[in-house]
Amino acid sequence: MFTLLLASHNQDKAKELKALIQGINVHLLTLNDFPDIVSTSEDQDTICANAMKKAFEASQQTGLISLADDTGLFIKALNGEPGVYSSRFAGEQCSYKDNRIKVLELMKGIQNRYAEFRTCVALSAPDGIISYKEGILEGYITTEEYGTNGFGYDSIFMPLTSSKTYAEMTDIEKNAISHRAKAIEAILPIIREIIALS
Ligand code: IMP
């Protein structure tokens, strides 16, 4: 069976990626299956450049076709912040909660609460990037946290088309509409093609 490496140590993202890819016949591994691998420094200026760097370095180190995801929350009133810095918005060692508190503080009293969640997924072989695709979901930043499911900024992001935050949705509801689902949907035909050729 074809083996695909999900180039992530983040269990929350890996869980969603696995659910989104489950329709195809692949053996999925994550970076947790390779404890000695050197972690990629996410130091690029865009989420797509970070995703490509993560996928390429994982593929080079393992010899496997690798899929990496990089995600950012882009808030209009904050000039696109936290954007590519979403994971360490409240500081280098911050928690998901610290990041949400910082966003809610900065957004206090702001009327225009429009934001976009964007995920870029990149697919790489050891000798280079095969493809990358972006998925975007438009929404609003809520004025307080709602819901306890999910991770990261889920409890403060409400899609335009929903009356629930991501954290008030079931996993199935989030995976039906999310930024990550759209990115995976766009790259799945390429993964299928590679499997067919292998
Ligand atoms: P990264 O792609 O791991 O760099 O993620 C950037 C930041 O966005 C991290 O703080 C994640 O917790 C957060 N994040 C990534 N994906 C999601 C999501 O689907 N919902 C909520 N937060 C997310």
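Which element gives the most to the lining of the second largest pocket? In this predicted model, that element is helix H1, with 4 residues. The second largest pocket holds about 180 Å³ of space. Its lining comprises 14 residues, and Lys15, Glu16, Gly150, Phe151 and Asp171 are the closest to the pocket centre. Two or more lining residues are supplied by each of H1 and H4. By residue class, this lining consists of 4 nonpolar, 4 polar and 6 charged residues.

Helix H1 spans residues 11-21, and its buried residues are Lys13, Ala14, Glu16, Leu17, Leu20 and Ile21. These buried residues line one face of the helix, because they fall within an arc of 165° when seen down the axis of H1. Exposed residues Gln11 and Lys15 are carried on the face turned away from the buried side. The packing partners of the buried residues of H1 include strands E1 (2-6), E2 (26-30) and E3 (65-75), together with helices H2 (47-62), H4 (171-177) and H5 (179-197). At the start of H1, the backbone nitrogen of Asp12 lies within 2.8 Å of a side-chain oxygen of Asn10.

Asn10 and Lys13 are also among the residues nearest the centre of the largest pocket, as are Glu42, Lys54 and Ser87. The largest pocket contains about 660 Å³ of space and is lined by 33 residues. At least two lining residues come from each of H2, E3, H3 (96-106) and H5, and H2 gives the most, with 5 residues. The lining of the largest pocket divides into 10 nonpolar, 14 polar and 9 charged residues.

Technical notes
Residues are numbered from 1 along each chain as its sequence is written. This is a predicted model: local features need pLDDT of at least 70, side-chain atom pairs count only at pLDDT 80 or more; totals for chains, interfaces and linings use all residues. Side-chain values use heavy atoms; hydrogens and water are left out. Buried means under 20% relative accessible area, exposed over 50%, partly exposed in between (1.4 Å probe, protein chains only). The arc is that of the directions from the helix axis to the C-beta atoms. Contact means heavy atoms within 4.5 Å. A polar contact is a pair of N or O atoms within 3.5 Å; within protein, one must be able to donate a hydrogen and the other to accept it, and residues adjacent in sequence count only if both atoms are side-chain atoms. On a 1 Å grid over the protein atoms alone, a cavity is a set of points where a 1.4 Å probe fits but cannot get out, and a pocket is an open set with protein on both sides within 12 Å along at least five of seven lines; lining residues have an atom within 4 Å of a point. Grid points are joined across faces, edges and corners, and a volume is the space filled by probe spheres set on the points. Ala, Val, Leu, Ile, Met, Phe, Trp, Tyr, Cys and Pro count as nonpolar, Asp, Glu, Lys and Arg as charged, and the others, Gly among them, as polar.
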